[in-house]
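Please look through the sequence and the model before starting.

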Amino acid sequence: MNGTSSNPVVPAASSSTAAAARSKRKEPPHTLDARHPKHHRPNGDLSSGGDNTPDQGDDSFVEAEYDDYDDGKLAAILPAAGPDTAEWQETIQQVVKNVVSIRFCQTCSFDTDPALTSEATGFVVDAERGYILTNRHVVGSGPFWGIVVFDNHEEVDAYPVYRDPVHDFGILKFDPTAIKYMDVAALQLRPDLAKVGIEIRVVGNDAGEKLSILSGVISRLDRNAPEYGDGYSDFNTCYYQASAAASGGSSGSPVVDIDGFAVALQAGGRADGAATDYFLPLDRPLRALKCLQEGKPITRGDIQCQFILKPFDECRRLGLTSEWEAKVRKNFPKETNMLVAEIILPEGPSHHKIEEGDVLLEINGEMLTQFIRFDDLLDSNVGSTVKFLLMRNGKEVEVDIEVGDLHKITPDRFVSVAGGSFHDLSYQQARLYGVACKGVYVCEAGGSWRFDNSDNGWIIKTVDHKQTPDLDAFIEVMKGIPDKSRIVVTYKHLRDLHTLNTTIIYVDRHWSKKMKMAVRNDETGLWDFTNLADPLPPVPPVPRQAEFIQLEYTSDQAVAELVRSFVHVNCTMPVKLDGFPKNRKWGMGLVVDAEKGLVIISRAIVPYDLCDISITIADSIVVEGKVVFLHPLQNYAIIKYDPNLVDAPVLSAKLSTEQIKQGASTHFIGYNRIGRIVHTATTVTESFAVTIPANSGAPRYRAVNFDAITVDTTLSQQCGSGVLVGQDGTVQALWLTYLGERNPSSHRDEEYHLGLATLTVLPVVKQIQEGVVPKLRMLSVELRPIQMSQARLMGVSERWIQEVSKVNTSQHQLFMVTKRTFEREEEAGENSALLEGDILITLEGRVITRISDLDVMYSRDYLDAVIVRGCEELSLRLDTVKADDVETNHAISFCGAIFHRPHHAVRQQISKLFSEVYVSARTRGSPAYQYGLAPTNFITSVNGQPTPDMKSFLKEVVKIPDNTYFRMRATTFDSVPWVVTMKKNEHYFPTMELIKDPSEECGWRRVTYEDGGEKVIQGEGHDGVVPSGGDGAEMDVDV
């Protein structure tokens, strides 16, 4: 990974830095900027250019360690690496034939590994059988999908056949017969040739380049394994150190000597500018390779205790006697370190037998000071009892410890249910936090399991008041929970096991019905999916009774009564559509009809209708909600609940029919960020036309052409939901959250809290109350106000300027067209449409000086208008367009990307649609992410076949055979055409269609396509991983 100080990296598995982790290791003396990166390189340069084509994020790792030698000081005593001699050149020519570039996806979050796409290096170690050695942090502990590219640019599929549970190496397998144009050769592993002072070359895919050859000198053979922060880290081994300055993409590179033998494996390095690299010794990789070649199991033993190397002076301070020091020095005259116990896991084989600070003397009567022999003894005694002789506080201590099977405490399966994924806690995580190796670990906290804190590292303790000590117990509990249940879950964080967290989750078994178990298959390299249980049907809801709180310290009883009109609305979106950046939002809604159960809520809370809505009434009764209406321009939605389930004095809010004016006295009632009600008497400071900035990176819904109200109280900016209410209890304005642009500095989405006059929403509410679905029409333009001084220069006559001053005495303004919304229908002529720069004077004979004057457009097929265009006054008949066709009703998930028609926000920001197939989102670890298919791209053809619409696109992508390459022609939002080649993966990312269908209980139905379209499944398919992602900074466009 690229870990330069200008681009600091953090573990993708956690939002916290390694320094914040509770650890028994001492803190490093250097700053976090000097952490050592793993050297695989996240893909980030394959996407097309353009400001509106978002770059891919850096899902890299960091590490921290503290016992580095200064390689600069060694330069004077070690041979310098000068220009390559003829001998070195000949060696390199032979070595490069064995080195491959690995391009891979870790398709979902698992254990310490996040879902990611990246590049790294490997090298062939068995040409006949097709074995490639690389790093474990490349192969990963979870699902892997990748290819290897040889020096002559032939490529072949590769899959893992072994990943070590602890040490940083893994072995991939490929088909040697698939390489047609070169002879595949293998590098011989010679761990015995690694010595201090020898010249080496690191040959690999450095920084994403085709090939890089870096020279160096081994300066040390006995450093402790580097620490990689909160993610995966190697331990219980020594590492070699050299000055080679490898960087991103070099993970898994062979470290070769002048004779062309591999003497070590590149693994990591410093990121603070120091040319220091760390190499894994090849003793354990060589043993694993021989076991594979001979068809033997690769046994791995462990006692759940981490040892580290400490020099003799430290060992003496820990109690090493002079007699034992003399013995050790005599037996190992070149050694300067001994093994010292650092972390002992609770309830493990070493618990209560070994203590931190114990100095290891002997195992089974054999004196040892090196990890290599330590590993040998444990790996050959799995299931047996061995004798450890330790030095503790100057006294010899002998203990018998049973050696456990390291593979059994390394998870090889996970279960996905209700949008989350889980497995048994791994030895890696347990060692990192010094906890017992047990419990149900949340590896993907999505769907129902998206807790309030987006951090990773949760351990589930109980579900629905039942203990879940392991994965099997968790599965059994989840099998018995009906769909749409609300259950209590308790959980702890690995970093804080002192705190038991309690929450209530809504179990979603309808958007993702299956409970899938994925089990690693080392024969095929895939993870095999099975359905453990279909969902139990929801329990029918029953009516419940509740009372509202009473608002205190309010002089007006009518204002206090309005508390009975507020409900809490929680909205979860299982699929990301329309560029919306979040998976979950909440806010307060206002009941406008208690008899019919109608609630009005901000569209920043309910952005589209592919969602689950829970409505909480009187902080007690929870009922399901459904979307009834989404306003295309004015930032509100109307949702509905079943009033027969609510036995509570819910009050229908009375909406004012008069426009609230600047300077008017009013009462502000709002709900702050923690859902508490606040209120105060205040004054309207302003009512004016507002332009919410568009989000250029990924267009998403925003309100346009509306008058916003502000009030003279600081509470207004603390509250995203509320109302302005008169003394008689009449609601004069809704207080709503407006979603704005993404802040380029903080990478957070800006939200604006503003008032919307109820006079604007009344016509729609009345239609819905009458059982009529509003069929609105609108002018496809965005307007902004201009003052009379500007209007005069643009050609508005003095007569109209005088008329404006009479019509609107408080605001002398007209409106100018700043943007036209692209419409799909055949473009109207200039005499029936507004153009950019036009100044709107009248509609239907009325001078337009307020945004609310535009409301006439919602009910007219056309409007007679007077405008000024190019300093010329014109009378036009303007066509309005339908507003009931702007919401997304069809989406396709393909290769980890979400495609749908360009939604309204896209058409508001673009002047031309290149296709009706728009990339809205993508999943980390997917082919779409790997090959750079970015959100905001338009797909114009697949394999040379035009795809102007979703139907033609689906037809072409479905028939692509699995695991084969195809070509997509795309155009960026900035009108730049490009071609992307991708490989289809149906196993982890099946092709799926989502279709809006009112006859379905959820309002949508799913169709899955398998086997090149030969198999069509109504519902969820057999395979597929849970999409990885959260509501982090990059979730603007990526799932």
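**Exercise 1.** With which residue does Lys479 form a salt bridge, and how far apart are the closest N and O atoms?

Solution. In this predicted model, the partner of Lys479 is Glu476, and the closest N and O atoms are 3.4 Å apart, which lies within the 4 Å cut-off for a salt bridge. Both residues belong to helix 9 (residues 471-479), where they stand three residues apart, about one turn of the helix. As for accessibility, Lys479 has a relative accessible area of 30% and is partly exposed, whereas Glu476, at 52%, counts as exposed.

**Exercise 2.** Determine which parts of the chain are tied together by the salt bridge between Glu355 and Arg392.

Solution. Begin with the contact itself, in which the closest N and O atoms of Glu355 and Arg392 are 3.6 Å apart. Next, place the residues: Glu355 lies in the loop between strand 16 (337-344) and strand 17 (359-363), and Arg392 lies in strand 19 (residues 385-392), so the pair ties together parts that are 37 residues apart in sequence. Finally, Glu355 is partly exposed at 40% relative accessible area, while Arg392 is buried at 17%.

**Exercise 3.** Decide whether Arg869 and Asp838, which meet in a salt bridge, are buried or exposed.

Solution. The N to O distance of this pair is 2.8 Å. Arg869 is in strand 50 (residues 862-869) and Asp838 is in the loop between strand 47 (813-820) and strand 48 (839-843), 31 residues apart. With relative accessibility of 14%, Arg869 is buried, and Asp838, at 1%, is also buried.

Note on methods. Residues numbered from 1 in each chain as written. Predicted model: local features only at pLDDT ≥ 70, side-chain atom pairs only at ≥ 80, totals over all residues. Heavy atoms only, no water. Salt bridge = Lys/Arg side-chain N within 4 Å of Asp/Glu carboxyl O. Helix = DSSP H or I, 4+ residues; strand = E, 2+ residues; numbered from the N terminus. Buried < 20%, exposed > 50% of the residue type's maximum accessible area, 1.4 Å probe, protein only.
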